[in-house]
Amino acid sequence: MSRVRKLEKIFKIVKRWLISGESKNCVLLSFNLISLLNISKVCLEHPSILKDIPAIYFLVACMLASSVISLSLLLVDVDIHRKNEKWINHSNNLINYWAIDNHSFESYKIALSNRYDVEDNLTKYEEDLARQIVRTSKIAVKKYKKFRKSMILLSIGFAVFMLNLIFLAFLNIFLYIKK
């Protein structure tokens, strides 16, 4: 397999991961916005619900924060010229976007030549393709990290909301039994 084919194949794999990250963030953002609209509608129709279930405020705050993180992914800025490069383990998989994220373009080029017997003197096209692989990997990693943060916030919000509902249910049962 030629160098160009190897690089193109790696790029296709990395690009698939990027598309997957984009899709997950779009689904999460859509879920948050639709849920926020529905919560707003219910609160407008039944204002007393805000007094009855105070955890709605926390849930809405978590959903808003999760949405802001998801929206920030539209403005991903990745610096491929790292000043403080991480230590690079040369046994890393040079196709996996998480492993590629540990590399600058120069270190990735060296790792490719060591691992796949690719000569150091890449053509301009091959060099551009390798740079794009590194850049796309960094964007994909950034998107997945932010997606995880958004999901954690959303999970915490729902957990607090559900605990509040359970607490209110037990409180109402206790007050009913006490009568």
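## A buried charged pair

Lys138 counts as buried, at 3% relative accessibility; buried means under 20% relative accessible area, exposed over 50%, and partly exposed in between (1.4 Å probe, protein chains only). Its partner in a salt bridge is Asp101, and the closest N and O atoms of the two are 3.9 Å apart. A salt bridge is here a side-chain nitrogen of Lys or Arg within 4 Å of a carboxyl oxygen of Asp or Glu. This pair links distant parts of the chain, since Asp101 is in the loop between α4 and α5, whereas Lys138 is in helix α6, 37 residues apart. Asp101 also counts as buried, at 5% relative accessibility.

The model is predicted: local features need pLDDT of at least 70, side-chain atom pairs count only at pLDDT 80 or more, and totals for chains, interfaces and linings use all residues. Residues are numbered from 1 along each chain as its sequence is written, and side-chain values use heavy atoms, with hydrogens and water left out.

## Overall architecture

The chain has six helices and zero strands. Helices (H or I, at least four residues) and strands (E, at least two) are DSSP runs, numbered from the N terminus. Of the 179 residues in the chain, 38% are buried.

Contact means heavy atoms within 4.5 Å. Among contacts between residues at least 6 apart in sequence, 77% join residues at least 24 apart.

## Nonpolar cores

A nonpolar core is a set of buried Ala, Val, Leu, Ile, Met, Phe, Trp, Tyr and Cys residues joined through side-chain atoms within 4.5 Å. The largest one has 20 residues, and those with the most contacts inside it are Ile10, Ile100, Tyr108 and Ile133. Helices α1 (3-45), α4 (97-100), α5 (105-116) and α6 (124-178) each supply at least two residues of this core. The most comes from α6, with eight residues.

Leaving aside residues up to four places away in sequence, Ile10 touches Leu94, Ile95, Ile100, Tyr108, Leu112 and Ile133. Another core, of 14 residues, lies apart from the largest one and includes Cys43, Ala55, Ile56 and Leu154.

## Salt bridges within helix α6

The whole structure contains four salt bridges. One of them joins Asp128 and Lys124, with the closest N and O atoms 3.5 Å apart. These two residues are four residues apart in helix α6, so about one helical turn separates them. Asp128 is partly exposed, at 38% relative accessible area, while Lys124 is exposed, at 56%.

Arg131 and Glu127 also meet in a salt bridge (3.6 Å, N to O). Both lie in helix α6, four residues apart, about one turn of the helix. Arg131 counts as partly exposed, at 26% relative accessibility, whereas Glu127 is buried, at 19%.
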